[in-house]
Amino acid sequence: MSAPALIGLFLFVAMPLFGGVYWSFTNKRLISPLPTEYIGFQNYQNLLGLLVVRVAPEIDEATGQIQMNLEGNPVYPRTRTVIRGDPAYKGYRYWFTADILGQRYVVIARDPTFLRSLINTFLFVLVIVPGQGGLALIMALLVNQRLRGRYVFRTIYFSPVVTSMAVLAIVWTFLYNPDQGLINRFLSAITFGRLQPDWLVSADSALLAIIILSAWQAAGFQMIIFLAGLQGIPQSLYEAAQIDGGNTWQQFRHVTIPQLRNTTIFVIISTTILAFRLFTQVDVMTKGGPQDATVTVVFHAVDTGFRQQKIGYGSAVTVLFFIIVVSIALMQRKLLRSDIELE
Amino acid sequence: MAAVELSSLHKPERKQRSRRRSLTLIIDYSIMIALAAFFLFPIVFMVVSSFKPEKVIFDDLKTIVWAFIPREITFENFSSVFRRVPFGQFMFNSTFIVLATVSAGLVVNSMIAFALARLRWKGKTLVLSLVIALSIVPLDAIVVPLLVLVNEFPWIDGSIGWLDSLHVQIVPFIADAFSIFLFYQFFIGIPRDFDEAAYIDGGSPFAIYRRIIVPLSRPVFATVAILQALFLWSSYLWPLLATRGEASRPLTVGITSFYGQDVKWAQILAFASMITIPVLILFLLFQKWFVQSVAASGLKG
Amino acid sequence: MNRTLRYLTPILILLLLFTFAAITPAQDMAELELWYHGGTQEENDETRAQVDRFNAMQDAIQVNFVELAGSLVAGTGYNDAVNAAAVAGDLPCILDLDGPNLYNYAWAGFLAPLDDYMSDELRADILPSLIDQGLYNGKIYAMGQYDSGLALVGRVSLLEEAGVRIPTSIDDAWTLDEFNDALASLKALESVQYAIDLKMNYGAGEWYTYAFSPVVQGFGGDLIDRDTLSAEGVLNGPEAVAAMEWIRSLFENGYATLTPPDDNEFINGNAAMGFLGHWMATGYYEAFGDDMVVLPVVNFGARQATGMGSWAWSITTQCENPDAAWAFMEFMLAPDEILSITNVNAAVPGRFSALAMSDLFGEGGRMNIFVQQLESGIAIPRPITPGYPAVTSAFFTAMDNIIKGGDIQTELDAAVDKIEQDIADNDGYPVQG
């Protein structure tokens, strides 16, 4: 009975995954006439290579003093000169600079985009899981009341879920247009033109724009799950709480929240996994830019492995990604001590 | 005197309570309406604008209100969509892919979940852990190896390579780890007494699956079907890479023809509306049933 | 478990049904698949009509036209599909490709050389720029029906109102200072919102490289050193930095917008001037008639430079019937067919004989500036290297970051690093075969 599903999973999920693991140790390229070679952990080293370099200020040769610029700050050599000057730094690229206690440190990495994609992805997950989950819970509580029109509201909140993300991302690109988009027209009207974010155009707001769209698109789904959870709570518990004189907040605190525990765990785990997969909206709207502000791990895997044709390298991204997500999922299950553990 | 005092004390309190109730009602409705506006405005804008000439869309954007009012109705955008692309073919492809994958998937995934949840066999725990681990693999991340792989597979007609077909968008997605996981969770919750009674009657495991488990599990079947259908309906990267011709491309890839060099926003919005509205209507019709299914399926945890 | 079979039967039936969809009836005539990138709607319609004409005029070869989506704005859609097909060994017979990508495909061995098919007569009649564009390692791998044209476009009425001199040939093109002044005066006009539409709606993609690498060249930089193929000191040198500073200043000064909603900012009258890619020329002319004027590209100081190269037809090595494919290409390269497409998309006809027949491009024609730019050598081909995909992606990513606020030197350095890394990853792209 298990055979068809096992064959399917093996052929179409496990085999590509194993293929990816195997390729991640090679320099396989998409369409190259060059032979594929085994290169060990080179791809992984290239992904994770990170060094912090202390840079000394330039010394004025005539005076032996530290050179100062017009504002009275020390002059530092160009990072590129430093990197190119030392063979140990070969293959490294500038990532960012940090001045700590009067010392200048330059962080260099072999693939700053990958490291940035890790940060962005975690940031996205950390914001979207509580944010979207909280929004979904509020909506579920609202439409769970015996209010007139609750079915209409449920449908409205759920409607973005049934629309394809590729389509929505195109429509939202239009809405986010800083000059002519609907969103900024609206913000302009309520803030008298003071709040006009550049949304996808600026590195400061692009990820936020993606987060808002993502929460908007998916919150209705979590709402339905919470709603299902709420409807599973026996009415008698609320009645008992009322008899004990509990007000609405106390009922929520002492009945709803504990009763929704399993639902919440499910929502957290599933949202986390889905959030880690962030790809389509980034691909359609920003292609990871500007300045890597919206690059995500899956996007980087597709971008390097497919568009830049470095299958081996892209596979290594996938493998690392898989390891990270599996370990987080395991950790979450352990922390939340979920009932949906293995038997 | 005392009684009068008491009742006069009660009245304002009761009034206060009902006033408070209507206040919370007003607050609730305001929040709900504000949220509804937030969730609906892109879709309303999309649908309303799809009936406007392109130039009018931009003019109307200058005032927020007009952006949502179809003051000049044209069907030109829709007829352009039908002229430019075989919309019917795309719609057929998408629908066929979803129906075929979901119906096959329900059978295949529920059977393995049954075996995992109700039968004793060697390596069961291992398989279960693997299934859960595989449910985490995002499709987008394995597209390249999958592409190379399916290109080597033979098909029933003797040809090699599955690309540019409907089945390349169906067969790989029938077995789905996440669906198995959902089925599994539901099945372990069904009391075992039923099976044991059936075993005593001499039933095979398969008979138990078919006669006991399936009839008891309608909600989870509905939930899995809906989730898989939504996922397939919106898949994008895989069909983009694995198909080329109009004969096999689904709606989501079809719309990118309009988002090419020559962006015609009015046509994009018309196309997007035509993809969205049928599904919305389906949801509207079945939404009560859907919520109940999800509630009963144990998706809530 | 035997009864499992009963439940597998529906699946098998389903699978069989797909099979019927997959089987195509055998035919005697040669069937060739053709992939087309999808340009403007008018261009698509005309190309499709050309294929229909070819199919109708003979019955030995049937060309199946497949239009694949999204080349410029979606950025990567067409190239994604081609790469996916290349890796799967599923390329069509006839492939439409954007000029500079051919070096990578040719290097990888996916394109068949066309030299043996091309008669000397044909070869001599084709614009030298098209030959250059199609050449890799001494062989021709692709041939377009037309070359592209990139210039500026303005409206006489607005330019006169702003008191700006109107250059008439490439010899009296604006200098950088003149251009800056012109932009300032045009922006000040009441009737427009800003000075120039730079087509940023195409997004970070080939458009940036095509339209803005000539600016870098105009300032004295380039994408890579054309001899050593190295980018160090070229793409991140002071000249390239100055070019990027100037490009960014256009947005900072409000002369241009980063986010035009669509292709029509010039037609709508929002922008006083536009970058003119040939594919927009017809629509512009319809909108403004004689008020529209094609202006030569600006002389930025170091040199005058503009883009060239366009989509071209090629035959893949996976084609089983290259002779039939060439028969189709030969048909497409006939002067009549060339003109029928260039009359629609206003690209520069790819053959001298076609050029001579063209009202648009002939001496004194409205689009003659494009021809002047190609013939005088100020149109510069994009780098001829198999590493081109990495070069262009590094450049347009850097430029996108810069105009959206990134540090210029840092971004250009990063672009150089990416280009060099790509060369190292490919062992320096050794010539094959």
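A residue is called buried here if 20 or more other C-beta atoms lie within 10 Å of its own, exposed if 12 or fewer do, and partly exposed in between, with C-beta atoms placed from the backbone. By this definition, buried residues make up 47% of the 343 residues in chain A.

The structure is a predicted model, in which local features need pLDDT of at least 70 and side-chain atom pairs count only at pLDDT 80 or more, while totals for chains, interfaces and linings use all residues. Residues are numbered from 1 along each chain as its sequence is written, and chains are lettered from A and ligands numbered from 1 in the order in which they are written.

**Chain A.** Chain A contains 14 helices and three strands; helices (H or I, at least four residues) and strands (E, at least two) are DSSP runs, numbered from the N terminus. The radius of gyration of chain A is 26 Å, whereas a compact globule of 343 residues would have one near 20 Å. That radius is taken over C-alpha atoms, and the globule rule is 2.2 Å times the number of residues to the power 0.38. Along its principal axes, the C-alpha trace of chain A spans about 85 × 60 × 40 Å.

The contact between them takes 18 residues from domain 1 of chain C and 16 residues from domain 2 of chain C, two residues being in contact if their C-beta atoms, placed from the backbone, lie within 7 Å. On the domain 1 side, α4 (102-107) and α13 (335-345) of chain C each supply at least two residues.

**Chains A and B.** The contact between these chains takes 77 residues from chain A and 69 residues from chain B. On the chain B side, α13(B) gives the most, with 15 residues. By class, this side of chain B has 56 nonpolar, nine polar and four charged residues. Ala, Val, Leu, Ile, Met, Phe, Trp, Tyr, Cys and Pro count as nonpolar, Asp, Glu, Lys and Arg as charged, and the others, Gly among them, as polar.

**A helix of chain C.** Within helix α11 (residues 278-288) of chain C, the buried residues include His278(C), Trp279(C) and Tyr284(C). Just after α11(C), Gly289(C) takes a positive phi of about 55 degrees.
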